[in-house]
Amino acid sequence: MYGKCARPNEMSKVCEELHEMDVVSWTSMIASCSQNGKDMEALELFREMQMEGLKPNSVTIPCLLPACGNIAALMHGKAVHCFSLKNWVSNDVYVGTALIDMYANCGRIQLSRRCFDSMPRRNLVSWNALLGGYAMHGKTKEALEVFNLMQKSGQEPDFISFTSVLSACSQGGLTEEGKFYFDSMSKDYGIEPRLEHYSCMVSLLGRAGRIVEAYTMVKQMPMEPDGCIWGPLLSSCRVHHNLAIGEIAARKLFELEPNNPGNYVLLSNIYASKSMWVEVNSVREMMKSKGLRKNPGCSWIEIKNKVHMLLAGDNLHPQMPEITKKLGELRVEMQKSGYLPHTDFVLQDVEEQDKEEMLCDHSEKLAVALGLLNTSRGFPLQVIKNLRICGDCHAVIKFISEFEDREIFVRDTNRFHHFKDGACSCGDLW
């Protein structure tokens with residue numbers, strides 16, 4: 001109960017008072033940590049449980065695997081997978097589904113598909129896990145193939161299935177296909193679109209630059225739009241520099257989510273892209289008066305079973321001098337190849353040289369450089385970022401993947417990017 005109410009301290013006190021901890025007790029604690037963002041703690045509890053001589057079961061494993069996926073701890077996830085195989089619980093439908101989700105979150109969608117194909121029995125959640133994985137990885141073709149296979153197998157899709165299909169269409173830039181599936185929901189399946197489906201459609205139209213059409217859909221929605229609707233619209237306005245609709249979306253978001261700094265930052269970015277520095281300062285003053293600060297960019301990378309966290313502008317990591325030197329060397333090589341920094345992603349009124357220096361401090365670049373320094377050539381790297389990857393970092397990591405002969409996986413808040421041989425799986429559509 002305390003775990004589901006997100007009260008881990010009270011939960012721990014109850015466990016301390018227990019005279020004897022059984023498998024159910026340990027599993028409850030692991031599930032609570034996994035569900036409340038305490039992923040490392042969940043992994044540690046799993047180890048302690050085994051040290052106590054208790055054997056995890058087919059309920060424990062699906063509770064633990066999300067923690068591995070949340071922080072992309074692939075080696076830990078594989079170890080749990082091996083445990084499930086050795087203990088003959090891998091064929092359990094819940095374990096299999098959790099494995100699909102874990103591998104997708106760790107950037108290994110091909111292993112998700114292998115787990116799915118090997119399942120002796122599948123349920124709707126299994127199909128949706130694979131659909132969601134393909135959508136997150138921007139594999140639109142595969143997602144639509146799975147959706148068709150799902151229907152041929154006799155499994156009826158639900159609203160979650162359509163959310164993944166629409167998301168996949170959005171990621172792949174398939175505007176007309178997305179509109180077809182959106183219309184098909186109610187017409188062919190009797191599923192009335194929910195807020196999340198409208199959110200996907202607004203994102204789909206916004207990515208295609210059809211901002212006015214997206215705004216018209218918002219105004220015609222049968223329910224009151226919330227932050228999940230106005231947010232994608234504002235984000236699209238930022239990408240396509242639509243000031244008029246961007247200001248409308250921002251005002252709505254300020255009412256709905258007055259303490260969300262991201263909305264203020266997006267509007268500020270729109271103003272900055274048009275060199276409207278007076279308006280930029282006005283938004284910053286508004287944030288300051290509310291005590292809001294921009295969320296700092298933060299990235300994680302797993303190296304030799306240890307997860308490292310790097311912040312934008314970080315000077316605390318012990319290898320920062322080497323990281324800075326490595327990025328400097330790479331910048332020289334990029335300039336030789338004709339690369340020019342995308343300084344329009346530094347939305348401050350400063351000199352171009354200063355903007356180039358600021359771009360080097362982005363957390364995903366720092367994490368990739370750390371990975372290059374501590375692994376051998378050809379070894380794949382995986383990075384998680386708490387914000388969306390910026391265009392300059394995207395271009396730089398594409399270059400690095402070819403120059404350093406690396407396959408690099410980056411998971412931002414929106415999707416996965418697979419960098420290999422100088423190209424990205426997103427096709428630059430993100």
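Contact here means heavy atoms within 4.5 Å. The structure is a predicted model, in which local features need pLDDT of at least 70, side-chain atom pairs count only at pLDDT 80 or more, and totals for chains, interfaces and linings use all residues. Residues are numbered from 1 along each chain as its sequence is written, and side-chain values use heavy atoms, with hydrogens and water left out.

**Nonpolar cores**
- Leaving aside neighbours within four places in sequence, Ile61 is in contact with Phe46, Pro56, Val80, Phe83, Val89 and Val95.
- Ile61, Ile30 and Leu233 touch the most other members of the largest nonpolar core, which has 97 residues.
- A nonpolar core is a set of buried Ala, Val, Leu, Ile, Met, Phe, Trp, Tyr and Cys residues joined through side-chain atoms within 4.5 Å, where buried means under 20% relative accessible area (1.4 Å probe, protein chains only).
- Helix H6 (residues 93–105) gives the most to this core, with 8 residues.
- Another core, of 30 residues, lies apart from it and includes Leu330, Ala367, Val368 and Cys424.

**Helix pair H13 and H14**
- Helices are DSSP runs (H or I, at least four residues), numbered from the N terminus.
- The axes of H13 (residues 211–220) and H14 (residues 227–240) are 11 Å apart, at an angle of about 165°; axes are lines fitted to C-alpha atoms over the stretch in contact, and angles run from 0 to 180 degrees between N-to-C directions.
- H13 is therefore roughly antiparallel to H14, a term for angles over 145 degrees.
- Ile211, Ala214, Tyr215 and Val218 in H13 meet Ile229, Trp230, Leu233, Ser236, Cys237 and His240 in H14.

Notes: Helices (H or I, at least four residues) and strands (E, at least two) are DSSP runs, numbered from the N terminus. Angles under 35 degrees count as roughly parallel, over 145 as roughly antiparallel, 65 to 115 as roughly perpendicular and the rest as oblique. Buried means under 20% relative accessible area, exposed over 50%, partly exposed in between (1.4 Å probe, protein chains only).
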